[in-house]
Amino acid sequence: MKILVMRFSSFGDVLQALSVAGRLGQSWPQAEIHWVTREEFAPLIRQHPSVKKIWTLPRGAGFRQVWDLGGTLRAEKFTHVYDAHNNLRSHIIGWRLMFNGHKFLRRSIYRWRRFLLFRFHKNLFPKPFSGQGALLEPLENWNLTVEAPPVPQLFLPSSSLDPARAKLPKGWEKFVALAPSAAFELKRWPLEYWAELIKGEPNTKFVVLGGPEDKFLRALVAVDPARVCDLSGKLSLEESAHVITMAQALVSNDTGLMHVAEQTGVPCLALMGPAPFGFPSRPSTTIFELDLPCRPCSKHGQGPCVNVEFHKCLRGIPAARVADRLRQVLDA
């Protein structure tokens, strides 16, 4: 049995899809599992014990590169193929693998449901919509259970552990990680709420994670420079993931780092705003959200906000409520 899984991006979706490899490996331990992804996400998959080989494409790969990779994969003679992405690139590879005698699955992206949701605000999706569950669901067609395999499902390269640890302040054995950024501003819990959370926990150290473009996060250090370490833009994806695994807990917006905690078993407090997909689904995560008729307002949380009270979906979640839950997690 030889299985190909296709999931190219994004960071959070690749992390959630790791459970597919875990489920396949548990159900068919003798299977040889291959994975196609974008090259920057290969380190997230490479250490997974169920994945034997990774095939990569560079960001922005053209038709010829995808077509040629499909030809190479055809020669591998897979018995099972799962298109867990369902985009043009995965379709091209799927066409090249046609008539190869394999069993084929493709994850549905529910175009009709999406149309009804964003055009008429009629939500026919499960609530909450688990991205991990949606990736596992097609495996029922291969008579497999679709229950998420136990953590960990993210196995990080040891080469990035020491660099990550070296960037933490000396002596910081206990701390809470914060992920206050997100791809779109409407997915961000207000910065002043993060500051309030930090002020309200005077005995807790905090490490701020983010990308090099998130310069606005430097303001959080000013809240208490002795207790707040800003590592935004200073870590690779793998190093950021290592920091989360060292943390007592993660407080996160709806972003990929949230799924690092999910797939490693780190307690997570997830602040869910305007976007409908990719909700966390493991019991180690506490979801904070408001039940508003305007939610979700857009596919990725890019807006525009349509509530008369701007950004109410996240502004309506008080810092005190999050702090109460964080104390419970730290005291457990």
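**Pockets, a cavity and helix pairs**

Author: The second largest pocket has a lining of 17 residues, and those nearest its centre are Asn 123, Lys 127, Glu 289, Arg 295 and Pro 296. The model is a predicted one, in which local features need pLDDT of at least 70 and side-chain atom pairs count only at pLDDT 80 or more, while totals for chains, interfaces and linings use all residues. Residues are numbered from 1 along each chain as its sequence is written, and side-chain values use heavy atoms, without hydrogens and water.

Reader: What is a pocket, and what is a cavity?

Author: Rolling a probe the size of a water molecule over the atoms shows where empty space is left. On a 1 Å grid over the protein atoms alone, a cavity is a set of points where a 1.4 Å probe fits but cannot get out; a pocket is an open set with protein on both sides within 12 Å along at least five of seven lines; lining residues have an atom within 4 Å of a point.

Reader: How much space lies in the second largest pocket?

Author: About 340 Å³. A volume is the space filled by probe spheres set on the points, which are joined across faces, edges and corners. The lining of this pocket has 11 nonpolar, 2 polar and 4 charged residues. Ala, Val, Leu, Ile, Met, Phe, Trp, Tyr, Cys and Pro count as nonpolar, Asp, Glu, Lys and Arg as charged, and the others, Gly among them, as polar.

Reader: How many cavities of 30 Å³ or more are there?

Author: The count is 1. The largest cavity has a volume of about 90 Å³, and the residues that line it include Leu 186, Pro 274, Cys 294, Arg 295 and Lys 312. By class, its lining has 8 nonpolar, 1 polar and 2 charged residues.

Reader: At what angle do helix α8 and helix α12 pack?

Author: Helices are DSSP runs (H or I, at least four residues), numbered from the N terminus. Axes are lines fitted to C-alpha atoms, for helices over the stretch in contact, and angles run from 0 to 180 degrees between N-to-C directions. Helix α8 (residues 191-199) and helix α12 (residues 319-331) pack at about 45°, with axes 9 Å apart. α8 and α12 are therefore oblique to each other; angles under 35 degrees count as roughly parallel, over 145 as roughly antiparallel, 65 to 115 as roughly perpendicular and the rest as oblique.

Reader: Which residues in α8 meet α12?

Author: Tyr 193, Glu 196 and Leu 197 in α8 meet Ala 319, Val 322, Ala 323 and Leu 326 in α12, where contact means heavy atoms within 4.5 Å. This contact has 6 nonpolar, no polar and 1 charged residues.

Definitions and conventions:
Helices (H or I, at least four residues) and strands (E, at least two) are DSSP runs, numbered from the N terminus.
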